[in-house]
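Have the viewer open and follow along.

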Amino acid sequence: MIVLLLFTFLSTVEGFNLSPDANYVFNQPVLKTFIRPTRSSYFGFSVNLRTSGVLVGAPQAQSDLEYQRNIDETGAIYKCSFENLTDCVPYRLDRQGNTNYEDYYTNHPEIRSELKEHQMLGATVDGLGSHDGWFVACAPQLKGNTGIAYLLHGICYLTEGVEATVEPNNLFKIKPLRVKGQQRRYGKSYNYMYGEQGFSLHVTDDGDEVLIGAPGVMDWRGTVLRYRQQTAVMSSNSPSSRRNVYLEYNRARRLTHETVVPNPIYTNIPTNSYFGYAVSSGRFLGTQKMLYVASAPQARSQHGEVILFDYADNRTIWETVIVRYRTFVGQQFGEYFGYALLTEDVNSDGLPDLVISAPMHSRTKEHDNGAVYVFLNAGDLNFELQYKLMSTYELGGRFGTSLGKIGDLNRDGYGDIAIGAPFEEDGAVYIFLGSANGVQSRPSQRLIPTPSLSEAPSKHPYMFGHALSRGVDIDGNGYNDLAVGAPNGEAVHVFRSYPIVRIEARINSTKRELPAEGGIFEIAVCWSTEYPAGVPFPVALQYTLDVDSQMGRASISNRRSPEGPHESVTIAGDPTCLEYSIVVKPSPTTLYKPIAIEVEFGIAATATPPKGGPFCAHCAILDPDDVNRVQERIPFKTGCRKEVCETDLKITNLRWIDITPPFVVGSAKKATLEVDIENAGENAYLPQLNVTAPSFLRLVHPSPECLQTLALHGQINILCGLNNGLPLKSFSQIKHSLTFNVSQVQTGTVFLELRIQVLTTSKEQWPRDNEVEERLLLREFSHIDIVSKTSPREANLETAYLNVSQLVKLHNNGPSTLSGALFLADIPLSYTPTHLGGQKSCQIVRLADITVRSSYNETPLEVDWIQPAAGKGLLKQTFAFYAKVRPEQYQPQQGGDDVPSNIEYSVPTNVYDPEMPDEKYPYSYALERSSHDGARQKRSNLWLQPTRQSLVSIQLDELPTLRTVYFNCAQNQSKVECLQLQIWLPPFPVANKPIYVELQYRLNQNAIEACMREQEDIFVVQVLTDLVKPLDEQKETFRIARNHPYTVVYRDVNVSTPIWIYVSSSFGGLLLLAAITYTMHRIGFFERHMRQEMEKMNREVCNDF
């Protein structure tokens, strides 16, 4: 997929099937409140569209309840009905005022007192569109009152259905952050104290789970709460009952309310990241389990990151933790990457794609213009950036403040998205349609508030588009509708969608060829309809019928409206045909040009949606991507023995003229296919070439004679006219070239299959040779550089232990994407010296002293360990990743465990500094480990057996052979025991970021010295790397260039020369130079004899005169 770093579009966009004006507008109801409002209630700050109405959050609204008469700005939820449009009514989730239940005589496990002033009830609401589905609303700034402090816990309310307004059905309060024992952690860290639960909210598409963002948890690291219901009362020792899983039983309904609050420390979230600022979910692996996504806009030094993750039970720490699968990083400082999130399958490949907004992104570093990043899901959690969408609004429009999951708005099979820009004047909402290639390049529609309604009650903007609902069909026409909130205007606008009809027109003629003397023949213009939503209805069309308009050789004798420019017809579910008689004049001089019949049609004016006013119930829209004009060309017969010419077209040759098969994927951006066509029969009229190709092949600069259809089942058809529309005469030959864009061809495909067919309106004698199949063999090949660097390069045996790190970078120099590759690193652990009789094994590196971190494109990679000599297949480690911006010193583990340190989970104890977990245990992710001694989960039998590298020679500097011990896995296996690191690499494209692998291990220098012979004083440690493909053992699809760095350990010799040697040498050299100079002076070396002789001659000359 082509990645565009910047994409802009025109601000004036023609409408599609959403009504251009709001069909319903709901305003803040006028209620008798106890405290007079002094500012906007923010009615419309959040919206939840339902089939019966819309639920609206107003987080700054004043209360009209008696018990809340002294509470300022409690916030409120309102229910607005489509049946009763006069007013909205409060939806009562909480009737109590401030409460104070705390005392010193009861030891209740949670804080029960509440302070509700400015609690922001209604800041977030969500739920599906059905009337009886869950509805969730949150007050993220509800404060818990301990008597000595107010703690910013937040709260969420869940109801099952929204039918009851006064007493919501099965109301439940989600409030796990009030547990007293979790307000602080590690001595000083603010854990649940300022969590702000409910800052973001998301109900999964299946309606069974609720994600709740709490960006203030654990010193504003943030976390994502998950709520769900179990259909039975769970026991206290249930496997899912972890320390951070809070259960509340309802025995009357026989269900359990479960809420999990993961600790962000175990996900490597630094402080002040605001993880949970926005949340969403999707089945990113297809039909498999649900995965989750959340943003941390302040992470990565305020560049922001978005994490795709899952929840997993960790039996070591007895908690449910977040396991990071994929990380997306922002591109600009302070752009608030991840302000809003959306998952939608925009290319209909069965995999949800990810849309991430950054409304503070700036084009010129002057205004918050905003940007939206669209990542397409390529499978196996690999994502490609398709577009970076931006508005052309010059000032701070904050494009991307809200994202709307509107579903398939036009029912073309692709998911669509809505993007809000609430500060573009009074606000705007852009609709982007999906397609087979992802989000379309231009918005299909731009919604703005009705001018008469967009007058804000203050000087602040109207903020239309600050909140967007899910797409819900409120009128039953099969098309989703949309609600848009304008909180500063205290209004909610609801836009209904018009139905779309797809109409196919064709022209049927009684003549395939016309006689030269002219005459009369009949045609039938037929229409057939397709209703994407499956609801048929009558459609009024108007159309024009033109016959040979350029040459004037034919006319229509029975027009239905001879005076008007258009004709009209009403069609419904069954095909409709209208017949016409065509009169052709004789024209012997223009027989080579056929008679052209053209029909152009559209929705009649009476059935076209109005640009303003009420919703038109009988109106419909034609899909603008469909063709609304058809043409039929009927040639004159000439030069043939019978009434219909009998041709013998055949494709004689196919060849690729600018590439050589097999084609190496990525080696060229375009390829040209040349087709040789021959006619061995009579004249072939209207010759055409039809090519069926994979949908990712597109023509480069297609000519006007070629038409390219939309993708269907992964295929496209390309129909090109031949010979400029003229007949292909007998025994003539032509060539036709098609240039394809092959930059989207991916590795993993054996060949590209194209079906080429030559067509004509004449009768074909031998149709079999009119069609051929071309299979272009594909081959992948990649040049891979494995660049390694060790630190330190040299050391001595002065200390008992030596920490060594090796950084490995993998670069793909192309031309193809590397796929199906396995990275190997052989780490020597121990060796058996021959001089000790083969009885003693020297343990140089322990398993527990090995740490590895790996990442690609800011995403950690799975690491597997194999110890061939011991036959151990260790657990897969969790996703530890290498970060260039945060170098870390090696921290060896204590104890005698024989598992690499990053495989095990370490529980930090006696940690008082809230920053300590990030620094000392940044990659200690949760991984299940058996509690039995030495028991470990074995790897799958499908895993490939480890392959030992066979390196004949390792290039080292010139070192004395008899004094050097080489410690690497290229030695005899009986002498060296090794641990093999294996990493399955993701698809690795060309000219992208490198893959990082960082190894850290500790050398036992006491063991080195004890095992070396007396004459041996040099010990060389080498970790060898390799790259293999299990399906390409001969390495025919890739080549490797690599280096093998090493660390040299010297005994009794300092690696660096002492400074006194330099000083003594310099001083001795100066003394030697002085002595030599003095000696030369004594022997007259510096005397100037020539000058003395010249002065003597000068005196003699003067005496002569």
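Which side chain meets that of R228 in a salt bridge? The partner is E258, at 2.8 Å from N to O, where a salt bridge is a side-chain nitrogen of Lys or Arg within 4 Å of a carboxyl oxygen of Asp or Glu. The two sit in distant parts of the chain, 30 residues apart: R228 is in strand β18 (residues 223-230) and E258 in strand β20 (residues 255-260). R228 is partly exposed at a relative accessible area of 23%, while E258 is buried at 2%. In these terms, buried means under 20% relative accessible area, exposed means over 50%, and partly exposed is in between (1.4 Å probe, protein chains only).

A word on ground rules before going on. This is a predicted model, so to speak of local features takes pLDDT of at least 70 and side-chain atom pairs count only at pLDDT 80 or more, while totals for chains, interfaces and linings use all residues. Residues are numbered from 1 along each chain as its sequence is written, and side-chain values use heavy atoms, with hydrogens and water left out.

Now the overall picture. The protein has six helices and 74 strands, and 54% of its 1105 residues count as buried. It exposes about 50,700 Å², with carbon and sulfur atoms supplying 51% of that; accessible areas come from the Shrake-Rupley method with a 1.4 Å probe, and for residues only the protein chains shown count as cover. Take the contacts with a separation of 6 or more: 69% of them are between residues 24 or more positions apart, contact meaning heavy atoms within 4.5 Å.

Back to charges. A search of the whole structure turns up 39 salt bridges. One of them joins the side chains of E344 and K405, at 3.9 Å from N to O. E344 lies in strand β25 (residues 341-344) and K405 in strand β29 (residues 402-407), so this pair ties together parts that are 61 residues apart in sequence. Both E344 and K405 are buried, and they belong to a network of salt bridges that also links D126, D205 and R470. Another salt bridge is between R1002 and D849, at 3.3 Å from N to O. Here the separation is 153 residues, from R1002 in strand β70 (residues 995-1004) to D849 in the loop between β63 (842-843) and β64 (850-856). R1002 counts as buried at 12% relative accessibility, and so does D849 at 2%.

Next, some strands. β36 (residues 482-486) is mostly covered, with five of its five residues buried. β36 pairs in the antiparallel sense with strand β35 (residues 467-468) over two bridges, pairing being called if DSSP finds at least two bridges between two strands. Within that pairing, L468 stands opposite V484. β36 also pairs with strand β37 (residues 491-495), again antiparallel, over five bridges, and the bridge partner of A486 in β37 is A491. β36 and β37 form a hairpin with four residues between them, and E490 in the turn has a positive phi of about 50°.

Strand β10 (residues 143-145) pairs with β11 over three bridges, and K143 stands opposite L152 in β11.

What about the nonpolar side? The largest nonpolar core has 50 residues, and those with the most contacts inside it include F823, L985 and L1027. A core is a set of buried Ala, Val, Leu, Ile, Met, Phe, Trp, Tyr and Cys residues joined through side-chain atoms within 4.5 Å. Leaving aside neighbours within four places in sequence, L985 is in contact with L810, L818, A821, F823, L861, I995 and L1027. A second, separate core of 35 residues includes I503, Y543, A554 and V584.
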